[in-house]
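Subject: Structure handover

Hello,

Please find the structure below. My notes on it follow.

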Amino acid sequence: MDSDNYDQLLAAFKETHDEANRLAVICNKLQEVNNVLAPKVKTLEEELHKAKTDLVSLELTCLLTSIKTCENCKKMEKQVEYLLKTLSNFTKGRENLESLLGSQNAVFNKNSLDYTPGNVTNVKKLSSFFVPAKSVCSAFNSGKKASHVTCFYCMKSGHTSRSCIAKKHLVPKNLAKWLPKRRF
């Protein structure tokens, strides 16, 4: 009986040993496949992490740009609306001024008083009567002073001694004394 049990045990051990060897060969093959695939998995995990961070940064930039763009759009829309309103006011004012100037009669126009002029060629036209002075406008636009008046008190141009600030405010009364001009 001992030999039967021993033979059975030996047969079971051989079967188990053969099965273990077969499983070891399969395990070695799978270990080789695992060794080949492990670096690929690691690189894929790194790419996935990089893609996630890129996605988060892109979402943040899109969110920030959409917020900035919307704020800029609202500001620009308000500014455009203000400029259009101002421009329409100016054009409307210009039209009103032109219609007002066109409807006015000049001093020399006597048609409403049953006056019949003898010489029609001598009548002035209204369009040539209201012409802006070009010298004043050009001096104003160029930034130069239009007047050539000089103050004889402080010797500065642009005002007279009558409206001189230095004469009125800087010199106390009764302390200024008139001295006659000296001859050399």
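**Met155 and its loop**

Met155 sits in the loop between helix H3 (134–142) and helix H4 (165–170). Helices here are DSSP runs of H or I with at least four residues, strands are E runs of at least two, and both are numbered from the N terminus. This is a predicted model: local features need pLDDT of at least 70, side-chain atom pairs count only at pLDDT 80 or more, and totals for chains, interfaces and linings use all residues. Residues are numbered from 1 along each chain as its sequence is written, and side-chain values use heavy atoms, with hydrogens and water left out.

Met155 is not a glycine, yet its phi is positive, at about 60°. Most residues other than glycine have a negative phi. Is Met155 buried or exposed? Met155 is exposed, because its relative accessibility is 59% (buried is under 20% relative accessible area, exposed over 50%, partly exposed in between; 1.4 Å probe, protein chains only).

**The chain as a whole**

The protein chain has four helices and zero strands. Its pattern along the sequence is α-α-α-α. Of its 184 residues, 2% count as buried.

Now the contacts (heavy atoms within 4.5 Å). Take those in the protein chain with a separation of 6 or more: residues 24 or more positions apart account for 12% of them.

**Salt bridges**

How many salt bridges does the structure hold? There are two. The criterion is a side-chain nitrogen of Lys or Arg within 4 Å of a carboxyl oxygen of Asp or Glu. Side chains of opposite charge can pair when their charged atoms come close.

- Glu19 and Arg22: their side chains meet at 2.3 Å, N to O. Both residues lie in helix H1 (residues 2–103), three residues apart, about one turn of the helix. Glu19 is partly exposed at 35% relative accessible area. Arg22 is partly exposed too, at 44%.
- Arg94 and Glu98: their side chains meet at 3.3 Å, N to O. These two are about one helical turn apart because four residues separate their positions in helix H1. Arg94 is exposed, with a relative accessible area of 58%. Glu98 counts as partly exposed, at 48%.

Best regards
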